[in-house]
Amino acid sequence: MFYREAGDFKTSYRDDGQTFPIRLDRWGYYAVLAVAFLVVPFVIDSYWANAVLVPFLIYAIAAIGLNILTGYAGQVSLGTGGFMAVGAYAVYKLMTAFPGVPIVIHIVLAGAITAIVGVLFGLPSLRIKGFYLAVATLAAQFFLVWLFNKVPWFYNYSASGQITAPERTILGWAVTGPATTASAKYLICLTFAVVLAWIARNLTRGMVGRKWMAIRDMDIAAEIIGVNPLTAKLSAFAVSSFFVGIAGALLFSVYLGAAEASEAFGINKSFLVLFMIIIGGLGSIFGSFAGAAFLVLLPVLLKNLLVVQLGWPTDLAAHIELMIVGALIIFFLIVEPHGLARLWALTKEKLRLWPFPH
Amino acid sequence: MFDAMPDRETLLEVNNIEVIYNHVILVLKGVSLSVPKGGITALLGGNGAGKTTTLKAISNLLHSERGEVTKGAISYRGEPIQNMDPATLVRKGVIQVMEGRHCFEHLTIEENLLTGAYTRKDGAAAIRQDLEMVYNYFPRLKERRRSQAGYTSGGEQQMCAMGRALMSRPETILLDEPSMGLAPQLVEQIFEIVKAVNEGEGVTFLLAEQNTNIALRYAHYGYILESGRVVMDGPAEALRENPDVKEFYLGMSDQGRKSFRDVRSYRRRKRWLA
Amino acid sequence: MEFLYASEVLVNGLMAGVMYSLVALGFVLIYKASGVFNYAQGVMALFAAMTLVGIMEGRVPFAHMINAAFGVHVENFGWTVPGLLAILLTALVMVGLAIAIEKLVLKHLVGQEPIILFMATIGLAWFLEGLGDVMWGADVKVLDVGLPQGISETVETVTNNWLGYGFFIDRLDIWAAVIAAVLVAALVGFSQYTKQGRAMRAVADDHQAALSVGISLQFIWIMVWSIAGFVALVAGIMWGTKSGVQFSLSLIALKALPVLMLGGFTSIPGAIVGGLIIGMGEKLFEYFVGPMVGGATENWFAYVLALIFLVFRPQGLFGERIIERV
Amino acid sequence: MQDGYTTPDGRQIGPVLLDLKNITLRFGGVEAIKNISFDIREGEIRAIIGPNGAGKSSMLNVISGFYVPQEGEIWFKGHRRGPMKPYEVARLGLARTFQNIALFDGMSVLDNIMTGRMNMMKASLFSQALWWGKAEREETANREQVEKIIDFLEIQNIRKTPVGRLPYGLKKRVELARALAAEPRILLLDEPMAGMNVEEKEDMCRFILDVNDEFGTTIALIEHDMGVVMDLSDRVVVMDYGRKIGDGTPDEVRNNPEVISAYLGVAHE
Amino acid sequence: DLVVPNLSYRTGPYGANGTQYADGFNDYFTLLNERDGGIGGEKVQTPECETAYNTEKGVECYESTKGSGALVYNPLSTGITYQLIPKVSADKIPLYTPGYGRTSAKNGKVFEWVFNAPANYWDGASVAVKYLLDQNGGDLNGKKIALVYHNSAYGKEPIRTLQELSKKHGFTLTELPIDPPGQEQKSQWLQIRRDKPDYVIMWGWGVMNQTAIQEAANIRFPMENFIGIWWSGSEVDVKPVGEAANGYKALTFHGVGMDYPIYDDMKKFVIEPGKASQGGPHVGSVLYSRGMYAAVVIAEAIKKAQELSGTSAITAAQLRDGFEALDITPARLAELGLPDFGPEIKMTCDNHGGSGMSRVQQWDAAAGKWNLITDFTEPDQEILTPLITEDSEAFAKEAGITPRC
Ligand SMILES: Nc1ncnc2c1ncn2[C@@H]1O[C@H](COP(=O)(O)OP(=O)(O)OP(=O)(O)O)[C@@H](O)[C@H]1O
Ligand SMILES: Nc1ncnc2c1ncn2[C@@H]1O[C@H](COP(=O)(O)OP(=O)(O)OP(=O)(O)O)[C@@H](O)[C@H]1O
Ligand SMILES: [Mg+2]
Ligand SMILES: [Mg+2]
C-alpha cells in the first residue's frame, strides 16, 4: 500500500475542506511548486520556454477558465478564442496608452475587461442550452475577431492590423518585448498560473462552485432549490472570461509578442482549449493542467519523433501527426471519458487497494 | 395457490456471477439463481442489494454502464448468453423492462410501443393485433397514444414500458421494479397483468421488486438478495411465512402490521447482516 | 432598380443557403440517431470528395507514403473511372468508413455524455483530415462530374424580358436546390415513416432503452453514418465543383452550424429552412449593412441571426421541444 | 378551524400557512389541474394522493413556482404571492424533494447537502476567491449545521461519495438531507418512499416525524403507499385527473366512496 | 555546414500553395550542393519544419531550429513574420521575406534584421495601379477600382497605399473584404456585378483566389480587367476554373516556366537523380519559381557574406552584412542561368527592400501557362517612401528602437 489515506485524520471541518486533504498529496504538491519556482528558471532555455513551458502555462490558465464555465457550470463554450482576443487587445491598448503603469496591473485589468465582455455574451445562456449554446458562443468568437480586425482603434491604426507588444518590465526585468529572457517569461506565466489555479480552486470548493455545479448537473432542480440561474451562469461566464482574458493577454504580450486577431485567436483556439479540458477532465483543475500539457507536448513530441528521429518528410509527418493526435484523442476518450484527471484518480484508488484488486 | 413448480424446466440459469463496475466497485459477489419456464420468479432485497445489476447482467446491458461480469456463467435454455448482444437476446425472447421506465421521450406512446416490435419479422398485421392487445391491457395508453412519452405521468410511462416489452412477443420478461411510483390500484393492476400475461401467454417473468408484499403474492418463487449475495430463497409461500422475511420485508411483527407512526419507538436490525 | 438588385441578392442568398443546408443535413441525421454532434461532418465531405476525385483520376492511394517508404514512383494507375461509377464506389467507401467508425469508436462510447461523443468526433475529424491527405495528397484537386457552372442564361434572359434586369443565378446552385429537395424528401420519409427511422429516433432518445428492446445500436449507427456519409459525398461534390477539392472544404462545416442551430438539430426540414434563412439573411446584411461597417460580416452575422431566433425558440425553429420536467 | 386544531395524538396544529385558491394549470390543451383549492397549516403533515397522472407533482411544481398556473391564487403566511421565480420561492422557506431524484450527480453527498444552505451563505465572490474572511467562516459554520443533518439521517459514511454512485434509497435520503439543510418552513416531498423496502420506509417515516416534531416543519407529501399516508398524515387531499375528489382526515378519506373507486381500489385495511 | 531552415507548410488551408514554394526553395539548395558542392565549399542544409501557416507552430519551429546555427528564416507567412521580427532582432538572425511580411521592414534603419527585397505589398499595389495607368493613357480619373482582399493583416496591407493612390490619380476605390478561407463570395461579386467597376484588384491566398476567379467568370467580369497580387497568380488559382480563367492577370516579381538555362542543371543534378523535393511534381510552377528565387537571393547573400568576412562558415550576423551589401545585377542573374528572371536587387543599410519592381503576367488557359506581358515596372516611390517612413517610425517609437545607419 504505497498510497495511504487511512490514518490521516482531520480534527476540524476546516482541515477537511483543504485543497489537498491527504498529506502525501500535499507534500507532492509543495515539491512540484518548489521545483517549478526554484529550479526550472535556472535551467530553462529559450526552446523549452517558448515552445513548451510558456504555452503550456498560458493554455493551462485558459483551460482552467473554460473548465470553470464548461466543466463546472456546464455551459459549453466555443468562444474561448474570441475572449482571448479581448484579453490580448485590452492589454495592448492598456500597455500602449498607459506605459507607466505596471504590466501586471494591465494584465489583470485585461482579464476584468474580458469578464465584462464575457458576461454580455453569456446572457443568451439563460435561454439557450447545450449544443445550441455551444454554437451560439461561436457568434461571440466570430464577432469579436471581426471587430478587432475591422476597427483600427484596436490596433492603433497600424497598417496591417497587427499588434506588437512593446517592452515592459517588472522590477527591471523585461517580461514583454524582444529582450525578455526565457526565465522571465516562464516565471511571470508560472506566477499567474499558480495564483489563478489557487483562486479557481477556492471558488470551486465554495458556494459559488456548488451553485455552478448544481446548474450543470440539473439546472431546473437547482433553480427550484434556490439557485438563481442568472447570477450563477453569469458569474461563471465572468470568472471564466477573466481567466481566459488573462491567458489571452499573456499569450499576446509575453508569448507571441505580436498577434493578429483572426490568425492567433481564431476558432481553432477555441477548439484547442476545449480539447484540453475534455482530455484533461471536465470539472478538474488538475485536469486543466494535464490537458494543456498533453496537447502542447504531444505535437512537439510527435514532430521530434517522426521528423527528427525517423527522418520522415515533413508533410507526411504532419499528416500522420494529425492522424495520431486524432486517434489518441479517441483512444483516451474510450479508455477514460472523464479525462486524465479521472485516470489519475482511478490510479490512486487502485494504489490504495494495492496489492489487492478490490 | 401457487406452488414452486420445481418440476418445470429451467429456462434461465445464473451461476455464481460476480459483477464489477468501473473496474473497482464489486457489486455482485456470487449470485446464483434459476428461473423456471412459465413461472414468476421474484428477486427481492433492499436498496443497492444488486437486483438491477443482476437483471442487467442477464440482459447484457451492463457494458454501457462500464460494468462487467467477471466470474460465473449465465445461460438461457442451456446456452451461454454472457457475450450475446442485447438485440440477439431479444430475438431469443428475453427482454428487459428497465428500472425507471426509460421511455423514448420524443416518440409518441404508440411509436414507443412500435419500437418494441423492432425485432419482429411476422408482419404489420400481427403487430397491429398485438398493439390492440396492449391497449386492451392498458386502456389509458390508448387515450394518450398520440402524446409524446416525455410528457406523460410516471404511471403512464411505466405502462408504456411494459407494453413496449410485450410488443416483442417475449418468452421471458425481466421486470425491474414495476411498482415503483405507481398508485396502489395500478400496482395491483400491473401485477394482475403480469399474472394474466404469465398465465395467458405463458411468458416467464423474473421480477425485481422492493414491494415484497405484493411480489410474494404473485410470484411462485423468490430470491432475497442482500449486499450482492443471495441470502435466502424458497417458494413464495414459504418465504411469506418466514418470520425474518415477515419482520424485515413485510413490516409485520407478531402483533400484525405496525403503524408507521410507531417507528420512532423501535428499530429493526437485520440479523444476517450484522 | 435598387429593389431588383436586392431581390437578386436575396435569391442568391437563398441559393447559397441551400449549399449550406447540404452540409447541415448530415449533422442532423447523425444527431437525430445518436445524439452525437458530429463535428467531423465537414471533414467527411472533404474526404468523400477527395476519394471521388482520387477514384475518378485513378490515383494510387497512399502514393506519397509508398514513395517515401520504398523509394518508388507511383502516382496513377493510368486509368480513369467515369463519374457515376466513381460516385458509387465512393459511396461504398463511405459505408466502409461508417462501419469502421462504429466498430472502432462509437461502440466503445455507448452511453457517454454528449460532449464526450462530440469530442470523439473532433478526434475523428483530425484523423480523417490526416488520412485524406496521406491517401490522396494535399494538392488542390479539380472535381468535375459534369455539373454545370456559371450564370444561367435562361434565367437571365427570362428575367430580363420580364423585369428589365437579368438576374444572376448560378446553374450549380439550381442543381444544388433540386438535389437538396430530393434528399430532404427522401430523408423525412425515411425517418418518420419507416421502422428503421423510428428505431433511429429511439436510439437518439435513450441508448440503453433502445438496447433493451432489441434495437442493435451497431446496425442503426452504421446505417445512419452511412447515410450521413452519402450526404457528405453530395455536399462534397457540390462544394468541390464550386471551389475545388482542398482542405478548406472541411471548413464549410462552420457555415452549416448556424443553419443547424436555427433549424433545430433534430429536424431535417429545419436544415433546409434554416439554410434558406441564413443564406438570405447574411447576404442581405452584407449587401445593405456590410459596406457601412467595413464588410466581411457574413460569418458572424449568420451566427448572430441564428442566436436571435434561438432566444425566442431555444430548440430552433423545428427542433424537438426540450422536455423540462422534474 | 382558523387557529388550528389538535391532532388525535395531541400535536397542536397552527394557522393556515399556505393557501391555494382555485388553481388551474393547463399544458397546451391538457388541463393538469382543474380549479383546486386547499390549504396547509403550520406544523401539519399534509398528504396529497391520487392516481398516476392526477396532477400531484404538477401541484407541487405550482407551489414551488416552477409551473405558473393559468388561474388561481397562492397565499403564503397571509400574503398573496405574486408571480415568483422558483429560486425566490425557495428563499421564502420552501424546500422540496423530487419524484425522479434530482440530485447533482457530479457532486459529493456533502456538497449536495451544502447546496441546501446556499441562502444562508452570503460571502462575496471576491472573498470566496481568496478563501479568506467571511467565506471561510461561513463555510465552517454551515458545514457544522450540515454535519448535524448528516448525523441525523445517518449518512456519515458516504459523506464524500459522489452521489451518482449511490443506491436509490440512499439517494432519496440525501435528497431529504439537502432539503432539510435549507431549514425550511414547509417541506414538500414527492413520493419520498417510492422504491423502498419496509425497513427503509420505516427509517424515512422516522425522519419525517422527527423533522416535523423537532423543528416544527410543516410537511406536504405525495405518496402512493397507503400505509404510510394513513399512518403519518394529519389531513389528506385526494386528486383525480386534475380534480379534487376528497379532503379530510385519513379516516374520512379512506371511507370516501369516490376515493375508493378512483384510487384505492379496495377499502384499505 | 550552412543551415537555412525551411519553415514550410504542406498541410492546412494553404498547404497546396506552401508545398510548391517549399519544393523550389529546397531544390535550389540541392542543386548548389550537388553541382557546386555547396556555397564556398560549405554544404547547405535546409532542415524543414512544418508550420501549417500557424503562428504558434511557427514559433516552435523557429525555436527548435535556431539553436542549430540557423542563418536566415523565410517563413512564407505574414503572421509568422510579425512574430519573428522581435525575436530575430533579439537573436540577431536575418529574416528574409520576399514579397510578403511587414512592408515597412524595407526601412533598414529600423528593421535591422529584416529584408524584403525585391518587392513588398505596397510596391505591388503601386505597380498594379501604374499598369492600369498605362492601359488608360496615364489617366484613371473617374475610374472605379474594386479591391477584393483576404480579410487579414496580409489582405489589409495595400489599402493605405491604394487610398493614397486613388487620391493622387482620381479613381474611386471600393474595398471588399472576404473572410478566410473564402469559399463563399456571392455577395461581394453581386456587388461587383451591380457596381460594374472598371478594374478589380485582388489580394488573396489559398482557396479564395480560385473562388474569386470562378465568381468573376460566373458574372462575366472581363478577365483582362482583373489583376491579382503575386500571391494570387499561380497555377492552382486558375487551373480549377478552367477555360473561363483565360486572360486573368497577376503581378509577379520573377519569371515563370522552365525556359531558363538553370533548368538544364536542375534536371541533370536534381530531378533526374531523384533528388527533387517530393519527386518534383511542381517544377517550374509559379510558386516553385518563387521559392527557388528566394533561395537564389539567400544563396547570393551568403556568397557575399563569405566574401566580406573571408570565411566560408559564416555566422548569421555576417549574413546580415551580406544582405546589406547584396547586389544581384542582371549580369549576375544571367550567370546563374536565370537571365531576366528578376529585377536587379541592390540592398543597403537603409534600404532592405530593393527596387520594388515587378511585372504583370497573364494566364493563357489554352496553353496552360502564364505569359509575361510587361517589363519590370518601378513603383511610385514618391507615395511609398513617406508611408514606409511613417509606419516604421511609429514602430520604432512603440518598440523603443533608435534608428541606425
Ligand atoms: N454504474 C454504476 N457504477 C458504479 N456503481 C454502481 C453502478 N450501478 C450500480 N452501482 C452500485 O451497485 C450496487 C447495486 O446496485 P443495484 O442498482 O443493482 O441495486 P438494486 O438492488 O437494484 O437497488 P434498488 O432497489 O435501489 O434499485 C449499488 O451499491 C450501486 O451503488
Ligand atoms: N411539462 C408538462 N407538459 C405537458 N404535460 C405535462 C407536463 N407536466 C405534466 N404534464 C401532464 O400533466 C398530467 C399530470 O402529471 P403529474 O406529473 O402531475 O402527475 P402525478 O399526479 O404526479 O402522477 P404520478 O403519480 O404518476 O407521478 C399528466 O398527464 C402529464 O402528462
Ligand atoms: Mg434497482
Ligand atoms: Mg408525480
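**Ground rules**

I am working with a predicted model, where local features need pLDDT of at least 70, side-chain atom pairs count only at pLDDT 80 or more, and totals for chains, interfaces and linings use all residues. Residues are numbered from 1 along each chain as its sequence is written, chains are lettered from A and ligands numbered from 1 in the order in which they are written, and side-chain values use heavy atoms, with hydrogens and water left out.

**Entry 1: which chains touch**

I began with contact, meaning heavy atoms within 4.5 Å. Eight pairs of chains are in contact, and of these chains A and C share the most contacts. Chain B and chain E have their nearest C-alpha atoms 37 Å apart, and for chain D and chain E the figure is 32 Å.

**Entry 2: the interface of chain C and chain A**

Chain C brings 56 residues to this contact and chain A brings 42 residues. I then looked up the buried area (the accessible area, with a 1.4 Å probe, that two parts lose on being put together, summed over both). It comes to about 4400 Å² for chain C and chain A, with 83% of it from carbon and sulfur atoms. Met119(C), Trp126(C) and Trp300(C) supply 16% of the area that chain C buries against chain A, more than any other three residues.

The largest share, 16 residues, comes from α5(C). By class, the side of chain C that touches chain A has 37 nonpolar, 13 polar and six charged residues. Here Ala, Val, Leu, Ile, Met, Phe, Trp, Tyr, Cys and Pro count as nonpolar, Asp, Glu, Lys and Arg as charged, and the others, Gly among them, as polar.

I also searched this interface for salt bridges (a side-chain nitrogen of Lys or Arg within 4 Å of a carboxyl oxygen of Asp or Glu). The rule finds zero of them between chain C and chain A.

For the metals, donors are N, O and S atoms within 2.8 Å (3.2 Å for Na, K and Ca), and sites may look incomplete because water is not among the atoms. For burial, I use relative accessible area with a 1.4 Å probe on protein chains only: buried is under 20%, exposed over 50%, partly exposed in between.

The magnesium ion (ligand 4) is coordinated by Ser57(D) through OG and Gln99(D) through OE1, at 1.9 to 2.1 Å. Ser57(D) sits in helix α1 (residues 56–63) of chain D and Gln99(D) in the loop between β8 (94–96) and α3 (109–115) of chain D, so the pair ties together parts 42 residues apart in sequence. Ser57(D) is buried at 15%, and Gln99(D) is buried at 16%.

The magnesium ion (ligand 3) is coordinated by Thr52(B) (OG1) and Glu99(B) (OE), at 1.8 to 2.4 Å. Thr52(B) is in helix α1 (residues 51–59) of chain B and Glu99(B) in the loop between β6 (94–97) and α3 (109–116) of chain B, 47 residues apart. Thr52(B) is buried at 16%, whereas Glu99(B) is partly exposed at 24%.

**Entry 3: salt bridges elsewhere**

Over all chains, I get 83 salt bridges. One of them crosses between chains: Glu2(C) pairs with Arg194(E), the closest N and O atoms being 3.8 Å apart. Glu2(C) is in helix α1 (residues 2–34) of chain C and Arg194(E) in helix α6 (residues 186–195) of chain E.

Within chain E, Glu48(E) and Arg10(E) meet at 2.5 Å, N to O. Glu48(E) is buried at 18%, and Arg10(E) is buried at 2%.

Conventions
Helices (H or I, at least four residues) and strands (E, at least two) are DSSP runs, numbered from the N terminus.
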